[in-house]
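Subject: Structure handover and notes

Hello,

Please find the structure below, followed by notes on what was found in it.

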Amino acid sequence: MANTADQIFVLLKHWIVSIFPAAIQPYLGVLLSVVAIIAVFPGLFALTTVIERKGLGRMQNRIGPNRTGPYGILQPIADGIKSLTKEDIVPTSADAVVHFIAPLVLVVAVFMGFAVLPMGRNMQLVDMDAGLLFFFAIGASTELSIFMAGWSSRNKYSLLGAMRAVAQMISYEVPLLMSSVAIVMITGSLSLVKIVDAQNQYTWGLPHWYIFTPWGCAAFVMFCIAATAETNRSPFDLPEGESELVAGYFTEYSGFKFALFFLGEYLGMFSISGLGATLFLGGWSAPLQVLNFVPSWIWFFAKVMLSIVVLIWIRGTLPRLRQDQLMNFAWKFVLPMTLLNLLVAAIWRFMGDGILRWIVCSAILIGVYVVVGTIEMRRKKIGPRTYRYAE
Amino acid sequence: MTPLAGYLLVAALLFAIGLAGALTRRNAILVLIGIELMLNAANLNLVAFWRYGPHPELLTGMMFAIFSIAVAAAEAAVGLGLVIAIYRHVRTTDLDEINRMKG
Amino acid sequence: MNVVFWILAVITVFGGLTAVTLKNTVHCALALTVAFAGLALLFLQLDAQFAGFAQILVYIGAVAILVVFAILLTRGSETPSEGVFSHTWFSGLLIAAAVFAVLAWAVLNSTAALPHVSSAPTVSVQQIGSALMGRYVLPLEIVALLLTAAMLGAVMVALHEKGEQK
C-alpha cells in the first residue's frame, strides 16, 4: 500500500502510456512528464505568491491581500487576469526582437533545470550521468537573458540594473558550484539520483543527510547564501531594488512579459531550492526511518516549500546589501570558506569512521569562522548597538 | 557523405567564417569574436574525431576538447581586458585607426 | 544523414554568419551565443555529454558575458561613422574562402581513408575524473596555473590606475 502511494504517479504514467501503440510510447512518456512539470510548478508559483504577500504582510505588521476569496487565496487568479489583459507596451527606441525574446529565454532555461531533479523515488525526468553539471550549465544561461532584458530597453536604469544583476550572478556562481563540489566529491558521482541514494541510509533511525555532517552544514550555509544571490532575492536584490532603480532590468516590461519574468524568477527559486533539498537535505528521503510510509514526493515538496518559506522570511527580515558589500562578501568571504570546506570534506573522507573526524572537522570549521569573524568585526568596529537620543 | 565528413565540413565552414570575421571587421571585439569561433570549430573537429575515429585511447579526444575550452576562456578574458585597456588610452576600438606604435 | 544534425548545423552556421556580419555589436555577441548553443547541441549529438555541458557553462555562461561587458565598457553599441568593415575587407574574404576551399577539398577527398567506426565510446564522468587525476594530472595543473595567471593578468591590465584620466 505504501509502495503504491509512493509510486502512484509513475504507475499512472505507465498505465496511460500503455494504452497507446508501441511506436510513440517513449515520446509519450517524456511528453507526460514534461506536461506534469509544466502544470505543477506554475501552480506552486501561484500558491507561493499568496504565501509571500501574506507572510511579508504579517512580518511587516500588516495584513496581506484579503479581498479575493477567503484569506486572499484567489489572489493569483486576479493577478493572472491583470497581467494578461494589460496593454503590452514596447518603447519606440527599444530593440524589439531582443526585447521580445529575453523573457522567453529566461523561462525556457529555468524550466529545463527541473529535468534532472529527482522529485520522488523513480520520479526524475532524465537520469543523466552529469546531471548536476547540466543544472549549473542551464543556470548560467539565465544571466544572458537578464542582460538582454536590460540592454534592449534602452533605458539607463534598466541597463544599470542588468549590469548589477549579471555581476552579482557571476560572482555568486563560483561559491554555488564550489559548495556543491564537496557533495560530489564525497558521493563520487555527478548524478543527482545517486546523490539522493547515498543519503537514503539510516543509522539508529537518523538519516545520513549531508547537512548533518560538519562540512555539509557549512556547505549548506554557503549554498543558501549563494542561492539567494543567484535568484536576486533579498538581501541581495539590489538589481531590482524597488527604492532605487524603479524595477531594475524589467522596468520597461508590462503585462504578460512582466508576468513571464516574475514566473521565471520564482521558478528559479523553486529549482534552486529543489537542488538544495536534493544535495543537502536528502531529496525525497524521510527524516526518520519510521516515517518511511509517507510517499517520497510529499517529502520532496515539503522540503522545497520549507526552503521557500525560509527565503520569504529572510526577505522580510534582513536589509539590502550594497553592490560593493555584496561583491566583497562573495569574493573575500564566501569563496575562501567554500575552498576551506572542500579541504575539510577531504579530511573527513580520509579519516575513516569514528568520533574523531567529527571533532576535528567541526573544530577546523568553527575555529576558522570565529577567527575570521572576530578579525573582520574588530576591523570594522562592529559591536553592541549604541543609542544616541535627541537632546 | 559519412557523418564524420558532415561534422568536419561544418567545422571547416565555421572556421572560415571566424577567419573572415577576424580579418574583415574594424572593431577589435569582433576580431576576438572571430577568434572564439575559430577555436570552437577546432573543438568540434576534435570531438567529431573522438566519436567517429578508432578508439585505442577512450578519452583523448574529449580531454583535449575540455582543455581547449578552458584555455579559450582564459584567452578571451585576457584579450578583452587588453581591448578595454587600449580603449582607455586611445578612446576608440577601431582597428584601422590604431595603426601606429607611438602611444 | 540525420535530420537533427542538419538543423543544428544550419543554426550554428547561421549564428556564426550573423555574428560576423551584423552592424550592431551587441547583436553580434548575441548571435555568437546562438552559435555556441548550436555547437553545444552538436557535442551532445556526438555523445560527448561532459564536453557539451562544459561548453554551455564556460562559453555561454562566461565568455559570452565577458564579450558583452567588453562591448558595453568600450561604447561598442554606437554605430561607427565609416562602416563596419575595414578597407581591406576583400582580401580578408578571399583568404577565408581559400581556407574553406582547401579544407573542404581535403575532407571530401579523404572520405575513403576516414574511419567508418560508428559505435559511440561510452565514457562516464567517473572515468573522466580518474583520467584527470591520473594520466592528465600535469595538463590539469598547468591549466590551473594558466587560469590563475590569466585572471590576475586580466585584472591588472584592465585596472583603473590612480591619476589616470577617465
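Ser296(A) is found in helix α11 (residues 296–317) of chain A; helices (H or I, at least four residues) and strands (E, at least two) are DSSP runs, numbered from the N terminus. This is a predicted model, in which local features need pLDDT of at least 70 and side-chain atom pairs count only at pLDDT 80 or more, while totals for chains, interfaces and linings use all residues. Residues are numbered from 1 along each chain as its sequence is written, and chains are lettered from A and ligands numbered from 1 in the order in which they are written.

Ser296(A) counts as buried because it has 23 C-beta neighbours inside 10 Å. The cut-offs are 20 or more other C-beta atoms within 10 Å for buried, 12 or fewer for exposed, and partly exposed in between, with C-beta atoms placed from the backbone. Setting aside neighbours within four places in sequence, Ser296(A) is in contact with Asp6(A), Gly120(A), Arg121(A) and Trp284(A); a contact requires C-beta atoms, placed from the backbone, within 7 Å. Ser296(A) and Gln7(A) are 289 residues apart in sequence, yet their C-alpha atoms are 8.4 Å apart in space.

Chain A

Chain A has 13 helices and two strands. Its radius of gyration is 23 Å, close to the 21 Å that the globule rule gives for 391 residues, so chain A is as compact as a globular protein of that length. The radius is taken over C-alpha atoms, and the globule rule is 2.2 Å times the number of residues to the power 0.38. The C-alpha trace of chain A spans about 75 × 65 × 40 Å along its principal axes. Of the 391 residues of chain A, 40% count as buried. Among contacts in chain A with a separation of 6 or more, 76% are between residues 24 or more positions apart.

Helix α13 (residues 355–380) of chain A has 26 residues and reaches 38 Å from its first C-alpha to its last, close to the expected 38 Å at 1.5 Å a residue. That expected span is 1.5 Å times one less than the number of residues. α13(A) is hardly covered, with one buried residue among its 26. Just after α13(A), Lys381(A) takes a positive phi of about 55°.

Chain B

Chain B has three helices and zero strands, in the pattern α-α-α along the sequence. The radius of gyration of chain B is 17 Å, well over the 13 Å that the globule rule gives for 103 residues, so chain B is more spread out than a compact globule. Its C-alpha trace spans about 55 × 25 × 15 Å along the principal axes. Of the 103 residues of chain B, 55% count as buried. Of contacts in chain B between residues at least 6 apart in sequence, 53% join residues at least 24 apart.

Chain C

Chain C is divided into domain 1 (1–78) and domain 2 (123–161); the bounds come from an automatic or database domain assignment. The centres of these two domains, taken over C-alpha atoms, are separated by 23 Å. Val3(C) lies in helix α1 of chain C and counts as exposed because it has 7 C-beta neighbours inside 10 Å. Val3(C) and Ile71(C) are 68 residues apart in sequence and 36 Å apart in space, C-alpha to C-alpha.

Chain contacts

Two pairs of chains are in contact, and chains B and C share the most contacts. In that pair, 74 residues of chain C are in contact with 65 residues of chain B. The side of chain C that touches chain B divides into 59 nonpolar residues, 14 polar and one charged. Here Ala, Val, Leu, Ile, Met, Phe, Trp, Tyr, Cys and Pro count as nonpolar, Asp, Glu, Lys and Arg as charged, and the others, Gly among them, as polar.

The contact between chains A and C takes 18 residues from chain A and 16 from chain C. α6(A) gives the largest share of the chain A side, eleven residues. Chain A and chain B do not touch, and their nearest C-alpha atoms are 14 Å apart.

The nonpolar core

The largest nonpolar core has 172 residues, and those with the most contacts inside it are Val47(B), Ala64(C) and Val67(C). Such a core is a set of buried Ala, Val, Leu, Ile, Met, Phe, Trp, Tyr and Cys residues joined through C-beta atoms within 7 Å. Helix α3 (residues 49–73) of chain C gives the most to this core, with 17 residues.

Regards
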